[in-house]
Amino acid sequence: MRHLAFLLGLYGAYAIVMIWLHPRLIYPFGPDAFDDPRFEQVVIPERDVALAVREGEGPAVLFFMGNGGALAYFTYTLDAHVNAGRTIVAMEYPGGGGIPGTPSEKGLKADALAAYDWLAARHDGPIVVHGYSMGSGLAQYVAAERDVAAIVLDAPFVKMCELMTRRAFLPACILPGVQKWNSAALVPKLKATVLVQHGAADQLIPATVGERLVGLMRKASLDATFHTIPGATHNNLAGTPGYAERIDAFLSDVLDK
């Protein structure tokens with residue numbers, strides 16, 4: 001019994017350390033500033049939300065990047081919309097790309113709504129939300145709280161806390177103080193048509209996770225399309241052949257209805 005109590009104590013101490021440490025693991029943002037000359041840098045003063053904005057034609061895309069690095073690392077995804085001539089607003093995250101602040105699930109979600117409201121006040125056409133990896137949680141959150149024309153998700157998760165459970169051997173989804181990022185809970189509030197692209201070779205968030213999320217969406221009577229991309233990993237999905245073309249076809253079909 002003494003040994004068991006000791007082991008349980010060690011496990012409890014490990015859990016406490018991981019709860020304290022996990023935000024640093026969720027938000028490993030890089031320092032590289034986004035300086036693409038095609039984009040204007042805008043700050044929403046009410047919340048100090050940093051945006052990269054490119055004016056275009058047709059629908060506007062509100063893009064939420066993943067948590068690996070900074071917006072400068074997501075040029076393939078941005079190019080998919082720039083090359084199509086769309087207006088695009090990409091939100092930068094505090095703590096990355098030279099943007100001051102400390103990221104959190106609550107703060108990023110509030111920033112995402114502020115970004116949508118800023119865009120909606122200036123754009124009278126349809127707004128599409130597009131999220132990559134962690135950004136898929138923000139895209140779905142905005143779509144659950146605001147009116148969007150379509151939802152595009154790359155390598156999405158069902159619950160980010162499940163990934164922590166798998167990697168850290170902790171019941172992260174029930175631990176207090178853990179930022180859960182529960183996309184499954186948002187599904188009943190979604191109304192727009194969804195496109196999901198997921199790399200078949202994604203080891204960080206396996207394609208079966210994205211397929212599971214789409215299954216939840218379909219059970220909720222959402223129109224959701226799922227594409228598994230052979231050979232694509234978590235990091236190179238947007239650079240694979242056909243990536244932009246699938247987005248173009250999806251948006252053309254949804255927005256022309």
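**A helix and its surroundings**

Helix α3 spans residues 105-120, 16 residues in total, and its first and last C-alpha atoms lie 23 Å apart, close to the 22 Å expected at 1.5 Å a residue. Here the expected span is 1.5 Å times one less than the number of residues. Helices (H or I, at least four residues) and strands (E, at least two) are DSSP runs, numbered from the N terminus.

Please note that this is a predicted model, in which local features need pLDDT of at least 70 and side-chain atom pairs count only at pLDDT 80 or more, while totals for chains, interfaces and linings use all residues. Residues are numbered from 1 along each chain as its sequence is written, and side-chain values use heavy atoms, with hydrogens and water left out.

Is α3 enclosed or open? Of its 16 residues, 12 are buried, so α3 is largely enclosed by the rest of the structure. Buried means under 20% relative accessible area, exposed over 50%, and partly exposed in between (1.4 Å probe, protein chains only). Among the buried residues are Leu-108, Tyr-116 and Trp-118. The buried residues of α3 pack against β1, β2, β3, β4, β5 and α4, where contact means heavy atoms within 4.5 Å.

I now turn to the sheet. It is open and mixed, with 8 strands in the order β1-β2-β4-β3-β5-β6-β7-β8; two strands pair if DSSP finds at least two bridges between them. At the edges, β1 (40-44) and β8 (224-229) each pair on one side only. Within the sheet, β3 (57-64) and β4 (86-91) pair in the parallel sense over 6 bridges, and Val-61 stands opposite Ile-88 in β4.
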